[in-house]
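Subject: Structure handover

Hello,

Here is the structure for your files. My notes on it follow below.

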Amino acid sequence: LGEPAPFYAILLMDGDSLGSQLADANKQQPISRALNRFTRSVPALVEKHQGFLVYAGGDDVMALLPVTSALACATELRGCYASCFADEASKADVSLTTSLSGAALFCHIKRPLTGVLQDAHHVLDDIAKEQAGRDALAIRVWQPGGIHLTWAQPWEVALAPVSGGVTAPHDAPSLVMATLA
């Protein structure tokens, strides 16, 4: 099997702007049901990507994943979140506008975990949510010497197809893998 990779990924995800919708009594039950469905779905999705789930509750997720599957896991979690909310909104005949932002940090195994976890929250809150405008993915690559790359885009840009096989600036998986190579 060879030597294990000296890098791993921490994935943090958090729902965007649910608090304002909870003030509407007609939306409280559908939101609660959607969050419950999402939380119950998270363990299987993380496991599917060979990850270890640290926490899933409500609209929050923290998982440790292999570098090679972290972004695919984040994408699937986002899709699951959207699906749970769309289904519950339809059943209750209400409009639920929500999204899921994420931070994926790719770290060397020798980097102290406490600092990486603090940075992951910074990348999620300040870069994915504030700078990229929510409904976004932010990525940071830590190499042994420090931060090597920070990248953030709204999900719609991050997931846009690349035509003709040309690597575009939004092609995050290629950026990450090239940086870690």
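Which residues are linked in a network of salt bridges? The network consists of Arg33, Arg37, Asp87, Glu88 and Lys91, where a salt bridge is a side-chain nitrogen of Lys or Arg within 4 Å of a carboxyl oxygen of Asp or Glu.

Before the details, some conventions. This is a predicted model, in which local features need pLDDT of at least 70 and side-chain atom pairs count only at pLDDT 80 or more, while totals for chains, interfaces and linings use all residues. Residues are numbered from 1 along each chain as its sequence is written, and side-chain values use heavy atoms, with hydrogens and water left out.

Overall layout

The protein chain has six helices and six strands; these are DSSP runs numbered from the N terminus, with helices being H or I of at least four residues and strands E of at least two. Their order from the N terminus is β-α-α-β-β-α-β-α-β-β-α-α. Of the 181 residues in the protein chain, 45% are buried. Here buried means under 20% relative accessible area, exposed means over 50%, and partly exposed is in between, with a 1.4 Å probe and protein chains only.

The sheet

Six strands make up an open sheet with mixed pairing, in the order S2-S3-S1-S4-S5-S6; two strands pair if DSSP finds at least two bridges between them. S2 and strand S6 (146-154) are the edge strands, each pairing on one side only. On average, neighbouring strands of this sheet are turned by 10° against each other, direction ignored. The axes behind that angle are lines fitted to C-alpha atoms, for helices over the stretch in contact, and angles run from 0 to 180 degrees between N-to-C directions.

Strand S1 (residues 7-16) pairs with strand S3 (residues 60-65) in the antiparallel sense over six bridges. Within that pairing, Ile10 has Leu64 in S3 as its bridge partner.

Leu64 also belongs to a nonpolar patch on the surface, together with Phe52, Val54 and Tyr55; the accessible area of the four together is about 380 Å². Patches are made of residues with over 30% relative accessible area and no salt bridge, like charges being joined within 9 Å and nonpolar side chains (Val, Leu, Ile, Met, Phe, Trp, Tyr) within 5 Å. The areas come from the Shrake-Rupley method with a 1.4 Å probe; for residues, only the protein chains shown count as cover. Strand S2 (residues 52-57) gives the largest share of the patch, three residues. Tyr55, found in strand S2, is partly exposed, with a relative accessible area of 45%.

Salt bridges

The count comes to 10 salt bridges. In one of them the side chains of Glu88 and Arg37 meet at 3.5 Å, N to O. This pair links distant parts of the chain, with Glu88 in helix H3 and Arg37 in helix H2 (residues 25-48), 51 residues apart. Glu88 counts as buried at 3% relative accessibility, whereas Arg37 counts as partly exposed at 23%.

Asp135 forms a salt bridge with Arg78, and the closest N and O atoms are 3.3 Å apart. Because Asp135 lies in the loop between H4 and S5 and Arg78 in helix H3, the pair ties together parts that are 57 residues apart in sequence. Arg78 counts as partly exposed, at 23% relative accessibility.

The side chains of Asp119 and Arg140 also meet in a salt bridge, at 2.7 Å, N to O. Asp119 is in helix H4 and Arg140 in strand S5, so this pair ties together parts that are 21 residues apart in sequence. Both Asp119 and Arg140 are buried.

Backbone and cysteines

Most residues other than glycine have a negative phi. Asp135 has a positive phi, near 50°, and is partly exposed, with a relative accessible area of 25%. For Asp93 phi is also positive, near 55°. Asp93 sits in the loop between helix H3 (70-92) and strand S4 (99-108) and is exposed, with a relative accessible area of 71%.

A search of the whole structure for disulfides, meaning pairs of cysteine sulfur atoms within 2.5 Å, finds zero. Cys80 is in no disulfide, and the nearest cysteine sulfur, that of Cys84, is 4.1 Å away. Cys80 is buried, with a relative accessible area of 16%. Cys73 is buried as well, at 0%.

Regards
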